[in-house]
Amino acid sequence: MSTFLAFDFGASSGRAILTSIENDIIKMKEIHRFPNEPVFLGDKYIWDFPRLLNEMKIALRKVAITNIEIESIGIDTWGVDYGLLDYEGNLIGMPMHYRDKRNLQGVKEVEKIINLEKLYLRTGISNNTFNTCFQLAGDKLKRNTILNNTKCLLFMPDLFAYYLTGEKKNEFTIASTSGLLDMKKRAWDFELIETLGIPKIIFNDIVEPGELYGYLTEEIMEETGIGKVPVIAIGGHDTASAVAATPFIDSKNAFLSSGTWSLLGKELDLPIINKESFEANLTNEGGIGNKIRLLKNINGTWLLQQLKKNWSEYNEKVDFPEIIKEAKKYANCSFILDTNDERFMNTKNMIKTIKLYCIEKNQGEPKELGEFAMAIYNGLTNEYKKTIEELQKIIGEEIQGINVVGGGIQDQFLCEMTAKTTGKEVIAGPIEAAVLGNFMIQAIAMEKIGSIKQGRELIYKSFNCKRYTNSNILQETV
C-alpha cells in the first residue's frame with residue numbers, strides 16, 4: 001500500500017491528509033488540522049507564514065511517529081499570493097494576502113502603462129484586482145524597498161516547498177494565476193514583465209505538475225524525524241488540483257469548484273483569448289495534463305460565511321442549517337446581489353452592505369435573515385447561469401451538466417438552486433477534490449496511477465456523487 005501526504009491550505013484552515021489506495025478504493029486520513037487565517041500587521045493584511053510552516057513540521061512529526069512511510073508530499077494553496085526572497089535566500093517581510101487594499105492602487109498603476117483589455121489579450125487572465133501583476137504594482141508603491149532587494153519570487157506552494165527542500169521553482173498552475181505568463185507558450189512573458197517595471201530576475205524556472213521540487217533537507221529531516229521524502233510539484237493552485245480530481249461523467253460538462261470562491265468553467269486543450277472572452281471576464285488558467293481551465297472567478301460561499309459571522313455577532317447565534325431553513329421561507333423573494341460588486345470583496349459587515357446594496361438597487365430593504373441569505377443565493381446562482389451561457393457561446397458547444405466539487409456541495413439548497421436556475425443537471429462530489437487532485441498527481445508522478453483518466457475513474461468509484469435536476473429531484477449514485 002502506497003501512502004501520500006497532501007497539504008491543502010484553504011480559506012480558513014490548513015490540513016495535512018494521508019491518502020492511500022486500498023483494494024482499488026481511495027482512503028483518506030486527516031493527520032493534522034490548523035487555522036489558516038490572515039492577520040493584520042499594522043495596515044497590511046498578511047499570511048501568518050512562520051506559524052503555518054511550523055504547523056507543517058508538526059504534521060511531519062505526527063507522520064514520523066506513526067511509522068507510516070510516505071511516498072511523497074504535495075502542497076496546494078489558493079492562487080496569486082507570493083513571498084519574496086533576498087539575495088541570501090531569506091524571506092523579506094511576510095507574504096501579503098490577496099484581499100490587501102494595496103491591490104486597488106496596483107490596478108491604477110498598471111493602467112497607466114497598459115490598457116487592461118490589451119493586457120488580457122496578451123495573457124488571457126481576467127483583470128481581477130488581486131492578480132499577482134497588480135499586487136506587484138502595489139508593492140512598488142507600498143513596499144518598494146523590499147522589491148528592490150528581491151532576488152526571487154515564490155508563489156505560496158513554491159514558498160512552502162522551498163523551506164522544506166531548499167529548491168526555488170515556480171509551479172505552472174499557480175504561476176498561471178499571476179497575469180504575467182504567455183499562456184499559449186506556457187512561459188513567462190518577460191517583455192510584459194519589463195514593461196510593467198517588474199525585475200525579471202525574480203522569476204524562476206517553471207515546473208509542470210508531476211515534476212520534482214526536491215527532497216526534504218537534512219534540517220527538516222532532523223527536526224521532524226521523517227526520512228528523505230520527495231516533494232512533488234502537483235497542481236499547486238488548489239483549483240487546478242480540484243479540477244484534476246473532478247470525475248467528469250460527460251466530457252461536455254462544466255466544472256464548478258464551490259467554496260469560498262466559486263470557480264466555474266470548462267476544461268479545454270487550448271486557451272481562448274479574444275474580445276468576447278475579455279468582455280465575459282473569463283480567465284485562462286493552467287490545468288493538469290497540458291489542459292487550460294477557461295473559467296470565471298465568482299464570489300462564493302464566503303458571502304454566506306460572512307453573513308453567518310455577522311448575524312451571530314449582531315443578532316443571535318446561527319449556523320448554516322438555520323440559515324438555509326430561513327432562506328427557504330423566502331425562496332420567492334426578489335432580493336439579488338451582483339456578487340462581483342467590489343463592495344462584497346472585503347466587507348466587515350455583510351448585513352449592512354447587503355442592505356445598502358438592495359436599497360440602492362431599488363429592490364427594497366431586507367430585514368430577516370432569510371431575506372439576506374436569499375439575496376446571496378439568488379446572486380450566486382444567477383451568476384452561474386450567466387456564466388454557463390457565456391461559456392456556451394464562446395466555446396461554441398452546449399454544456400450538458402455541471403460537475404460541482406468542494407465544500408459548497410454540502411449546501412444541498414445551493415445545489416438545488418444551481419440546477420433549477422441554470423437548467424443543467426448538477427453532479428455533486430467529491431467534497432475533498434483539491435486534496436484528491438493533490439494526491440492523484442503525486443501518485444502519477446510516483447507511477448502508482450497510470451493517468452489522469454485512471455485517477456478520475458478511481459475517485460468516482462471511491463466517493464458518492466449526488467445528482468440534482470432542474471426539477472429539484474435528488475438522486476444518489478454509488
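## Basis

Residues are numbered from 1 along each chain as its sequence is written, and side-chain values use heavy atoms, without hydrogens and water. In this predicted model, local features need pLDDT of at least 70 and side-chain atom pairs pLDDT 80 or more, while totals for chains, interfaces and linings use all residues.

## Packing of H1 and H6

Helices here are DSSP runs (H or I, at least four residues), numbered from the N terminus. H1 (residues 49-66) and H6 (residues 156-165) pack at about 60°, their axes 11 Å apart; axes are lines fitted to C-alpha atoms over the stretch in contact, and angles run from 0 to 180 degrees between N-to-C directions.

Contact (heavy atoms within 4.5 Å) involves Phe-49, Leu-52, Leu-53, Met-56 and Leu-60 of H1 and Met-156, Leu-159, Phe-160, Tyr-163 and Leu-164 of H6.

## Salt bridges

The whole structure holds 33 salt bridges (a side-chain nitrogen of Lys or Arg within 4 Å of a carboxyl oxygen of Asp or Glu). Asp-139 pairs with Arg-102, the closest N and O atoms lying 2.9 Å apart. This pair connects distant parts of the chain, H2 (residues 102-113) and H4 (residues 132-142), across 37 residues.

Asp-139 also forms a salt bridge with Arg-143, with closest N and O atoms 3.0 Å apart. Shared partners join Asp-100, Arg-102, Asp-139 and Arg-143 into one network.

Within helix H2, Lys-112 and Glu-109 are three residues apart and therefore separated by about one helical turn; their salt bridge has its closest N and O atoms 2.9 Å apart.

Conventions. Helix = DSSP H or I, 4+ residues; strand = E, 2+ residues; numbered from the N terminus.
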